Amino acid sequence: MHETVDDIRDKLEHDIRLADDLRSELEHELEWREEEIALFKNQLENIDESKREIYRKGLIQLLYSHWEGFTKTAFLLYIGYVNGLNITCGEASYMLAATSLDGAFKRYEDPNAKDKNFPKEESHLHRIFRRRTLLENLENITSEKLNIPDSVIDTKSNLKYKVLSKLCYSCGLQKDLFKDIEDKINKLVNMRNAYAHGASSKGVDEETLNDLYDKVKMAEGRLIIRLSDCLRDRKYLKMSIIRTKHLVLRRWNEADAADLYKYAKDPEVGPAAGWPPHGSVEDSRNIIRLVLNGPESYAICKKEDGRVIGAIALMLNSDSRLAEGEDACELGYWMGKPFWGQGLVTEASEALLRRAFTELGMQRVWCGYYEGNEKSKRVQEKLGFRHEKTLREVDVPLLKEVRTEHVSLLSREAWLQKNM
């Protein structure tokens, strides 16, 4: 049974409800912890001023206890929600699938697993045997239900920045999510350890306590937002959903064929980008199956009705004519004519560039436009791309033409300076 556009919209709305549920649980978890800390902080005014620095030592330990406890609970709640979605490892993001299948990979990596047809000393052949066995069973492995074990969420009872980064990485979040407060996180842990282990008897001044309290509160709020966003935007899947002010960028579905044809049949749309107008809804359906199936290929949809109005993609590795290397990709896009001049291509591109530079580890994004396509040129200029080179006599095989192409580049460094 094929999905309809309404089915897709219902799933998106379900994701939002699920994310709201997770966020509500996390906020409730944080609320009682903050009330407890506030109760003890409020007692400071009743403590003799000469002993307040000593009292604050205890507050530092309490603050750390709640910071570690909340962080662990938040990640456990998140993976509980993800496990409850009953998706397969083949559907899940590579990071979550690898985390879930840790035990399976260990079995296939076991150096004691050997091919009985060869002597024990043929280590190279035994390694090939284990790899072959893994490939033979890959379909069964990826069809297993995603089940991330609770043991993955290990704070080490010492939640320094490095440990926190590992937790973020294992759960599919940006590993440097808390980089801006790395020193404060480590300071809190170090102070707690010094007091707990008796390595320091020095008291804590009011400014230090308040600063660490504010940074922990900020970090906890950020964690709530990012985990609920991961659920809402399906970042647990290989291809997530990206939401902007006016748009939703999501995976293509064959149910989108009619909407795709509506705009892709326009002779002013495709040829400007180097491809011929679509001839029928079935033609569009085949394009969805065979062309718009890349790992970072998105349908651009209006947020209010979920209907497709354009396409955007990051073309990786061999799929790109312009980009070379694992840390580079090419941006491509087009928009249906009724939506030209509304800034929607720029809005969609900004969101995908953010994903490229903050989630996919890209250092360079290339983009090109053919001579005369002033609309595309203006979009690239707004995004911060800078002209890199002009290519003459470029083959455009789908149109059987030769054109001039202008190629632009946006580096991660330049993007950060403009956006962060």
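1. In what order do the 8 strands of the open sheet stand? The order is β1-β2-β3-β4-β5-β6-β8-β7, and the pairing is mixed. At the edges are β1 (242-243) and β7 (386-396), each of which pairs on one side only. Two strands pair if DSSP finds at least two bridges between them.

2. This is a predicted model: local features need pLDDT of at least 70, side-chain atom pairs count only at pLDDT 80 or more, and totals for chains, interfaces and linings use all residues. Residues are numbered from 1 along each chain as its sequence is written, and side-chain values use heavy atoms, with hydrogens and water left out.

3. The protein has 15 helices and 8 strands. Both are DSSP runs numbered from the N terminus: helices are H or I with at least four residues, strands are E with at least two. Along the principal axes, the C-alpha atoms fill a box of roughly 85 × 65 × 45 Å.

4. Of the 420 residues in the protein, 45% are buried. Buried means under 20% relative accessible area, exposed means over 50%, and partly exposed lies in between (1.4 Å probe, protein chains only). Among contacts with a separation of 6 or more, 69% join residues 24 or more positions apart; a contact means heavy atoms within 4.5 Å.

5. Strand β2 deserves a separate look. β1 and β2 form a hairpin with 3 residues between them, and they pair in the antiparallel sense over 2 bridges. In this pairing, R243 has V248 in β2 as its bridge partner.

6. β2 (residues 247-250) also pairs with β3 (residues 297-302), in the antiparallel sense and over 4 bridges. R250 stands opposite A299 in β3.

7. Are the faces of β2 covered or open? Both are covered: L247 and L249 are buried on one side, V248 and R250 on the other. In a regular strand the side chains alternate between the two faces of the sheet.

8. Now to a loop residue. S157 is found in the loop between α6 (138-142) and α7 (161-170). S157 counts as partly exposed because its relative accessibility is 49%.

9. Which residues does S157 contact, leaving aside its neighbours within four places in sequence? They are Y64, E68 and R192. S65 is 92 residues from S157 in sequence, and the two are 9.2 Å apart in space, C-alpha to C-alpha.
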